[in-house]
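Please look over the sequence and the structure shown below before reading on.

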Amino acid sequence: VDVEVAYQLLRDHDWTDFLLLMSTFLLTVFVSLTVGIAVGMGIASLVFMKKMSDAAVSRTVVEQKNGETKFISTNEKISCPHIGIYTIDVPLFFGTARSIVKALASVAPTKVIILRLSHVASFDATGLQALKEILDMHAVRHRVYLSGITPETVEIFRKTGLLETIAEDHLFEHTKEAINAALLFQDLPKGCDQYSIIAS
């Protein structure tokens, strides 16, 4: 038993790491190795899904320095009536779907919403249903664009019928393209105070 490692987990890490270690250790010693590993894996999965859902969506702003465009998360209130950019930071699956829908239920009142999916490594059926719910929820008040969309993602959307909810010309591979389309849609040829047309 490495007491120093246990103490270090308790001192320097989230308390859930220490709980995971001690649960697995005690069950392995007093019940069996199989039970200890099974319960440890179960707790680890629950902790993983909780952490994923906590950081599911972030408000995103554009930062341009030295001709380079960066998209950064912010907690500041952005007052732009034209565009709201939100990044989904986790895979869209059953463990994160509800928290993503909840996080996007109330967004800033903008004419266009851009959802960045470049960090979404995978979808499952629940995740795709959550995305459809988000699109349906905002289609009435906003025009919604999706960025970070690869040809493979378009094919998934086509097979699952999601393209019936969002037009294919609202899907973009890069967020720059989505911003430009959002500004041109609003007849802002040079952009606005918050966002400007970004060169490809």
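Helices (H or I, at least four residues) and strands (E, at least two) are DSSP runs, numbered from the N terminus. Just after helix H7, Asp 187 takes a positive phi of about 60°. The model is predicted, so local features need pLDDT of at least 70 and side-chain atom pairs count only at pLDDT 80 or more, while totals for chains, interfaces and linings use all residues. Residues are numbered from 1 along each chain as its sequence is written, and side-chain values use heavy atoms, with hydrogens and water left out.

Within H7 (residues 175-185) sits Asn 180, which counts as buried because its relative accessibility is 13%, buried meaning under 20% relative accessible area with a 1.4 Å probe and protein chains only. Leaving aside neighbours within four places in sequence, Asn 180 is in contact (heavy atoms within 4.5 Å) with Ser 196, Ile 197 and Ile 198. Other buried residues of H7 include Ala 178, Ile 179 and Leu 183, and the cover over the buried residues of this helix includes strand E1 (57-65), strand E2 (68-73) and strand E6 (171-172).

A nonpolar core is a set of buried Ala, Val, Leu, Ile, Met, Phe, Trp, Tyr and Cys residues joined through side-chain atoms within 4.5 Å. The largest has 28 residues, and among the members that touch the most others are Ile 100, Leu 104 and Phe 157. Helix H5 (125-139) is one of the elements that each supply at least two residues of this core, and H5 gives its largest share, 5 residues. Apart from this core lies another, of 19 residues, including Ile 83 and Tyr 145.

Methods: Buried < 20%, exposed > 50% of the residue type's maximum accessible area, 1.4 Å probe, protein only.
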